[in-house]
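Welcome, and thanks for taking a look at this fold with us.

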Amino acid sequence: MIDLYTAATPNGHKISIALEELALPYKLIALDLAKREQKTPEFLAINPNGRIPAIVDRDADDFAVFESGAILVYLAEKTGKLMPSDTKGRSRVLQWLMFQMGGIGPMMGQANVFYRYLPEKIPTAIDRYQGESKRLFRVLDGHLKEHEYLAGDYSIADIANWAWVRTHRWSGVDIGDLPHLRRWRDQIRSRPAVQRGIERPHASLDLDDNDTSKERQFAASARSMLETGQSNTTGTTGNTQ
Ligand SMILES: N[C@@H](CCC(=O)N[C@@H](CS)C(=O)NCC(=O)O)C(=O)O
């Protein structure tokens, strides 16, 4: 059994999707980020960075893993699924996984902070992070023009990137002119395990609809995390990068 510490965010969804795809039994432990449950001493013992997601593998001497990319690799290697084991195939998956971890996630996370959460609107910062997110989306679109998935068969690289790309509207980045990215987004969204994964720990803001009151609520809760985090020694920024 795997304990999954999570919340309804893109990084959390990567892991619930992977666990659903792999049909691994898991126990969900939903942390309320606005109540700072990710900063308790108990959770910091599992993830010293004080952020979700994290897992504890009860079948492997309570081995704890934090950082969503590292968790995905751990789960893929544990099961021998969602990532090939040959050197080149594995490297291709890791390249697109790192692309998400080092690019898509941080850029969209900062776009959310400047576009949605901070009360002060700084146009150059918004343009910078939305522009860089869009540039990265174009890279994905160009690759997906020639490939069904990012790295050979459907893999943890697709899961990691998809969990963020689906939230493009929240970051204010349009994908109307990126047909291959939209094809891939829709194809992955149709997978039953993916649909279950994004409902864990509970249904999140539906990023494809325009419910402004829910949006306001979600942004207010993220904003409060951002503000309370400023003086905290664990360096929280309340964002989802
Ligand atoms: N690089 C980390 C990022 C984790 C992260 O930013 N998690 C966010 C939610 S998606 C979080 O826990 N935010 C709460 C906080 O900053 O206190 C990963 O991929 O696991």
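Which residue in E3 is the bridge partner of Ile 2? That partner is Asp 57.

This is a predicted model, in which local features need pLDDT of at least 70, side-chain atom pairs count only at pLDDT 80 or more, and totals for chains, interfaces and linings use all residues. Residues are numbered from 1 along each chain as its sequence is written.

**The sheet**
- Four strands form an open sheet with mixed pairing, in the order E2-E1-E3-E4; strands (E, at least two residues) and helices (H or I, at least four) are DSSP runs numbered from the N terminus, and two strands pair if DSSP finds at least two bridges between them.
- At the edges, strand E2 (26-30) and strand E4 (63-66) each pair on one side only.
- From one strand to the next, the twist averages 20 degrees, with axes fitted as lines to C-alpha atoms (for helices, over the stretch in contact) and angles running from 0 to 180 degrees between N-to-C directions.

**Strand pairs**
- Strand E1 (residues 2-6) pairs with E2 in the parallel sense over 5 bridges, and Tyr 5 has Ile 29 in E2 as its bridge partner.
- E1 and E3 are antiparallel, with 4 bridges.
- E3 and E4 also run antiparallel, joined by 4 bridges, and Ile 55 stands opposite Val 65 in E4.
- The hairpin of E3 and E4 has 5 residues between the strands, and Asp 61 there takes a positive phi near 55 degrees.

**Helix H4**
- A kink of about 35 degrees in H4 is centred on Gln 100; the bend at a residue is the angle between axes fitted to the seven residues ending there and the seven starting there.
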